[in-house]
Amino acid sequence: MTEAIPAASPRVFSGVQPSGALHLGNYLGALVKFVALQHQMECLYCVVDLHAITAWQDPKQLAAQTREIAAAYFAAGVDPAKAIVFAQSAVPEHAELAWIFNCVARLGWLDRMIQFKEKSGKHKERSSVGLYTYPVLQAADILLYKATHVPVGEDQKQHLELTRDIAAKFNHDFDAEGFFPLTEALIEGPGARVMSLRDGLAKMSKSDPSDQSRINLTDDADAIAGKIRRAKTDPLPLSDSLEDLKARPEADNLVGIYAALSGETKAQVLATYGGQGFGQSFKPALADLLVERLSPVSAEMRRLLADPAEIDRTLAAGALRARAIAGPILAQTKAKVGFVGAA
Ligand code: TYM
């Protein structure tokens, strides 16, 4: 008989990889939502260093980047007294649950993962095994806390669908209906898919070789203004119709960035700037808005990073709180699988 399990209480989990500098896409797609959600639900925000090592990371750089992501969380407004902020590798339960899920997920499911295809490129056989099972670890991150909501950018949609598939199959296979929740991705809003400044059809990404393609969280005012001035557009003026943006990806992206930063809709942005050339007032206004929003974040990041030991202490305290939630859930999971012998 299936034991009755109460409906999952709302809980948020999300993570960012310490595999390079953070950019505007990470900020709008993830960090801004992290801050808003901490006032509504219990939140866990992780620096996913186990995921980062699926591609080679220089050990010293990895440590520095882990602190940098934590500093970015705090500088953006995540409050470690409210949300639980920690490094993934400090909570070994993630890797343990990932192993169990490796035995639940099917090869065919992983074969369909777009991100693996993009990241492994033409040389699949030279990729790490970890890169292939990466989405399984992501499912373990989320379900280790029975998280019900995951704020992410649109590029994570498929991984969140896989997380639901793994939860459903585990619940079915182990006669544990409702044990793991079917987690919901929180993706909506104009910041969910920020595109490259050089190509409106490619997403803004840490791995793009051109630094001109992205606004880094640590860019200064001059760098931001220069990148926006040079951002690719087309020769036509901005129109005031939303319909018109559909066929103009670069214009659509810049308007979307403005909307996400200002809290306006794209239609409101067009109502102000439509009918004018990009350079006339829209691009300068966008650059000003970016500087206004990002410079306090990068200044606070610099301040926090001057004291790495304090960041380490905050992460260690977060890991303890995370383990207090993860431990019992992993223990119940292992009991369902049939493992005996644990204390
Ligand atoms: P990562 O480190 O690549 O990106 C961190 C977050 O930023 C979002 N993002 C974007 N959003 C809008 N526009 C963009 N151009 C853009 N680029 C990145 C990502 O969607 C993400 O929300 N697999 C995850 C990390 C992860 C995770 C998890 C996330 C591991 N375990 C559990 C949620 C829950 C990743 O690689 O994110």
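## Ligand shell, cavities and a pocket

The ligand has an oxygen atom 3.1 Å from a polar side-chain atom of Asn26, a polar contact (a pair of N or O atoms within 3.5 Å). This is a predicted model, in which local features need pLDDT of at least 70 and side-chain atom pairs count only at pLDDT 80 or more, while totals for chains, interfaces and linings use all residues. Residues are numbered from 1 along each chain as its sequence is written, and side-chain values use heavy atoms, with hydrogens and water left out.

A polar side-chain atom of Gln138 is 2.9 Å from a nitrogen atom of the ligand. From Met204, a backbone N or O atom is 2.9 Å from a nitrogen atom of the ligand. On its own the ligand has 710 Å² of accessible area, and the protein covers 97% of that (Shrake-Rupley method, 1.4 Å probe).

The shell around the ligand holds 27 residues, and Tyr134, Asp141, Gly153, Asp155 and Val194 come nearest; a residue counts as near if one of its heavy atoms lies within 4 Å. Strand E1 (11-16), helix H1 (24-37) and helix H7 (129-143) each contribute at least two shell residues. Helices (H or I, at least four residues) and strands (E, at least two) are DSSP runs, numbered from the N terminus. By class, the shell has 11 nonpolar, 12 polar and four charged residues. Here Ala, Val, Leu, Ile, Met, Phe, Trp, Tyr, Cys and Pro count as nonpolar, Asp, Glu, Lys and Arg as charged, and the others, Gly among them, as polar.

Volume is the space filled by probe spheres set on the points, which are joined across faces, edges and corners. The whole structure has two cavities of 30 Å³ or more.

| Space | Volume | Residues in the lining include |
|---|---|---|
| Largest cavity | about 60 Å³ | Gly20, Glu68, Leu217, Met301 |
| Second largest cavity | about 50 Å³ | Met113, Lys119, Tyr134, His159 |
| Second largest pocket | about 250 Å³ | Pro190, Arg193, Asp252, Lys266 |

Domain 1 (11-186 + 308-337) and domain 2 (211-302) both line the largest cavity, so this cavity lies between them; the bounds come from an automatic or database domain assignment. Helix H6 (114-120) and H7 each supply at least two residues of the second largest cavity's lining. Tyr134 is in that lining and also among the residues that come nearest the ligand.

Helix H11 (residues 249-262) gives the most to the lining of the second largest pocket, with five residues. That lining divides into six nonpolar, four polar and four charged residues.

Terms used. A polar contact is a pair of N or O atoms within 3.5 Å; within protein, one must be able to donate a hydrogen and the other to accept it, and residues adjacent in sequence count only if both atoms are side-chain atoms. On a 1 Å grid over the protein atoms alone, a cavity is a set of points where a 1.4 Å probe fits but cannot get out, and a pocket is an open set with protein on both sides within 12 Å along at least five of seven lines; lining residues have an atom within 4 Å of a point.
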